[in-house]
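Please work through the exercises below with the sequence and the model at hand. Each task is followed by its solution.

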Amino acid sequence: IQMFDDGAHNDGLAADGVYGADLPGFVTGTYVRFYVEAKAGNAAGTTTFAPVGAEHDVYYYRVSAAWAADRPVSINEVMASNETTMEDEAGEYDDWIELFNLTDIPVNLSGYSLSDNPSNIRKWVFPDGVVIPENGYLIVWADEDGSQGPVHANFKLSASGESLLLANALGQLVDTVNFRELPTDKGYARAPNGTGPFVIQAPTFHANNATVAVHNPQVAVTWAVLPTITRDRVRVVCDPNLTGFVQLTDLNGRLIQRQELQPELAFSLAGQPDGLYFVRLEAQGRSPEVKKVVKLK
């Protein structure tokens, strides 16, 4: 590629002895190798290279995706080694990724993508119709099994460490995280929630990461969801000394119903589609606790 000193190729002023050139675009993740050759304009035609060892020693860079100007969603928590924390709707303990909506309006994730490969940021594309509610959460299962539902990615996470990238429908980066080796059943979470740096802590599945700090192991929380597989209705029973609330959400984090805590209460799933639902207990002085319910015909 010819270089110019004409003031039109990012080379400063014309005829100032500084040369520039425009390189073509390359696919995200591509390694671009280059060197510079300068030849004297006199009869001797002396040639100089940078770096000196070119063409064997070269400069290089890796093409990265552009960042989106609007970044309404963050990667809020990941678990790369899930043995006992939470089951998916198939009863399997798989890797999971929690996204958080930073805004006060729902965000349609149709066309967004998640990837563990910087060279292929559109490795797994969200299907149409996946919406993350305002100030809400969405769990994506990284289990390579899309047959289990619309939010099951085609890759798994490596507990020994890797990169994770979230991009919008235009292929622009919305958020990224790089992590090293993670312990089993520990979350790698942003603290404060949604915006802070990542720390290793007790998981806060589908909940505010900051709540782990108020955990009081001396306060016993006894509660149950009955039955865990239902056609239309579930009961929640809990310690009568608890105060707070309990809520029912679907797999995409959509709030179906919220109630103040009572010793016994019920949620109706009549009219809701079959699938996995979450009952979340938020009791005063405790981290939120989540139990799953499967609705079947």
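The model is predicted: local features need pLDDT of at least 70, side-chain atom pairs count only at pLDDT 80 or more, and totals for chains, interfaces and linings use all residues. Residues are numbered from 1 along each chain as its sequence is written, and side-chain values use heavy atoms, with hydrogens and water left out.

**Exercise 1.** Locate E55 and determine the peptide bond that joins A54 and E55.

Solution. Begin with the location: E55 lies in the loop between strand 3 (47–50) and strand 4 (59–62); strands (E, at least two residues) are DSSP runs, numbered from the N terminus. Next, take omega, which is about 15 degrees for the bond between A54 and E55, a cis peptide bond.

**Exercise 2.** Is D185 buried or exposed?

Solution. First, D185 sits in the loop between strand 14 (173–179) and strand 15 (187–190). Second, its phi is positive, about 60 degrees, although D185 is not a glycine. Third, the relative accessible area of D185 is 16%. Buried means under 20%, exposed over 50%, and partly exposed in between (1.4 Å probe, protein chains only). D185 is therefore buried.

Methods
Helices (H or I, at least four residues) and strands (E, at least two) are DSSP runs, numbered from the N terminus.
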